[in-house]
Amino acid sequence: MLEDFIQFIQKENLFTPEDKILVAVSGGIDSMVLAKLFAQAKFNFGIAHVNFSLRGEESIADEVFVKKFAKTLKVPYHSIVFDTKAFAEKEKISTQMAARLLRYNWFEEIRQQEGYAYIATAHHLMDSAETVLINLTRGSGLAGFHGIPLKHGYVIRPLAFATQEQIYDLVVENRMAWREDSSNESTKYQRNFIRHEIVPKFQEMNPVFDQTLAQTSARIRAVEDWISDEFNAWKLANCTTDTSNNQFVKLAELSSKEKVMQQRWLQGLHFHPDQIEQIIQHPADKVGKIFESPLYTLNIDRAQWVISPKDQSEFKPILIQEEDEDIQVGNQMLHIYVEEKTPDFKVPTDPNIACLDADSLTFPLEIRKAQEGDWFCPLGMNSKKLISDFLTDKKVPVNLKKTTNLLVSKGSVAWIVGQRIDNRFKVSDKTETVMIFEIK
């Protein structure tokens, strides 16, 4: 499979051997195989993992597993924790869509910050076939029938040639371990329903259904490539972007071609089909109308669209570096300072002040919202307690539970901010230096 993998990359001109690639690894079998092939091919790459906080301790175990795997491969490792449910609720979208938008946005941030040429995902032949069937149910138009593109912007799919059998063969050959996502078996999700209920019926009629559909998609992709060339020329002539990533789109007289180009632009910004129709039909000379997608806000203003990216920072952890003295957390300021532990040092009883053993902390620290499955060892105890149970015992109202922040060191909760510290990080007789976190 390694030879097929390298030949496919060369044939499709996905990247060059000199490029540095960011490989998305969930811990599942497909992404583990992709990373293994990158290592075997001796490509220059790093691994990115997203914890969506959707499966409690299972999500945390996935993160630990992938981090260890990256360490064995001796490649750079990047990770983040998202409050996916909060984002989905705020934007009124499915958790699957929320996870997709959050991860690709973050992948692109890491790509730019760390100088990666492309982002590689582990989509294979059957993934592409499933996507075509999903798009068929959604009425997505021509673009939906070419499956998952081999290359889209800075995202590449080097496993797009591979069957599930080839992937399993490589796992057996290399005696690889992987993490199984328990939610993959639930048919309440559309992709899983198609995978477990619909695709097997097609395979009964055609055992190589995924390969046949891939051939059909390739023919459609040729037409789509031509349309893409037209779209890129239109975008160059009509769209500009400023230094804050605001986009400005000039509105011309609405011809059939102009409508197709505008639709394509708005689809790429994740506007709903109903919104797209309203935006396109809205009189260009009327000022002030606002439309929102999960990631963007669009304002129709003086014969142009003004499109601004939304701030996603509230769904990401706040990072604290060792040299930081003040950190903004919502509408509060967290003051951080260090004191030597003297014989007369006393730990204050104020819950808004946390005194922790400085040597027990690993930077960067994180401040993030409490997630399902989070636990800690409350001060004075050596046993685990779920954060949710602790907050229930404290009679914290449900709406305030969602806003509870945690101070996290290397994956372990050190402080439920404003509530209780973890016993593992307490100031003890052995403590030499105290790090103090004070809410102002």
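**Briefing: an annotated binding site and two further buried positions**

Ser31 touches Ala24, Val25, Ser26 and Ala122, once residues up to four places away in sequence are set aside. The model discussed here is predicted, and Ser31 belongs to a group of positions, together with Ser26, Gly27, Gly28, Ile29 and Asp30, at which an unreviewed UniProt entry places the feature "binding site". The points below take up Ser31 and Gly28 from that annotation, and then turn to Asn246, in a loop between two strands, and Leu101, in helix α5.

**Ser31 in the annotated site**

- Ser31 is found in helix α2, and its relative accessible area of 5% places it among buried residues, because buried means under 20%.
- The side chain of Ser31 reaches the backbone nitrogen of Gly27 at 3.4 Å, and Gly27 is itself one of the positions that the UniProt record lists under "binding site".
- Ser26, which Ser31 touches, is likewise included in that record's "binding site" feature.

**Gly28 in the annotated site**

- Gly28 lies in the loop that runs between β1, residues 20–24, and α2, residues 29–40.
- With a relative accessibility of 17%, Gly28 counts as buried, because the cut-off for that class is under 20%.
- When residues up to four places away in sequence are not counted, Gly28 touches Trp178 and Arg179.

**Asn246 in a loop between strands**

- Asn246 is placed in the loop between β7, residues 239–241, and β8, residues 247–250, and its relative accessible area of 18% makes it buried.
- Through its side chain, Asn246 makes a polar contact with the side chain of Ser308, at 3.1 Å.

**Leu101 in helix α5**

- Leu101 lies in helix α5, which covers residues 95–114, and at 3% relative accessibility Leu101 counts as buried.
- Leaving aside neighbours within four places in sequence, Leu101 is in contact with Phe87, Ile93, His270, Pro294 and Leu295.

Technical notes:
Residues numbered from 1 in each chain as written. Predicted model: local features only at pLDDT ≥ 70, side-chain atom pairs only at ≥ 80, totals over all residues. Heavy atoms only, no water. UniProt positions renumbered as here; feature names shortened; annotations may be inferred. Helix = DSSP H or I, 4+ residues; strand = E, 2+ residues; numbered from the N terminus. Buried < 20%, exposed > 50% of the residue type's maximum accessible area, 1.4 Å probe, protein only. Contact = heavy atoms within 4.5 Å. Polar contact = N/O pair within 3.5 Å; in protein donor to acceptor, adjacent residues only side chain to side chain.
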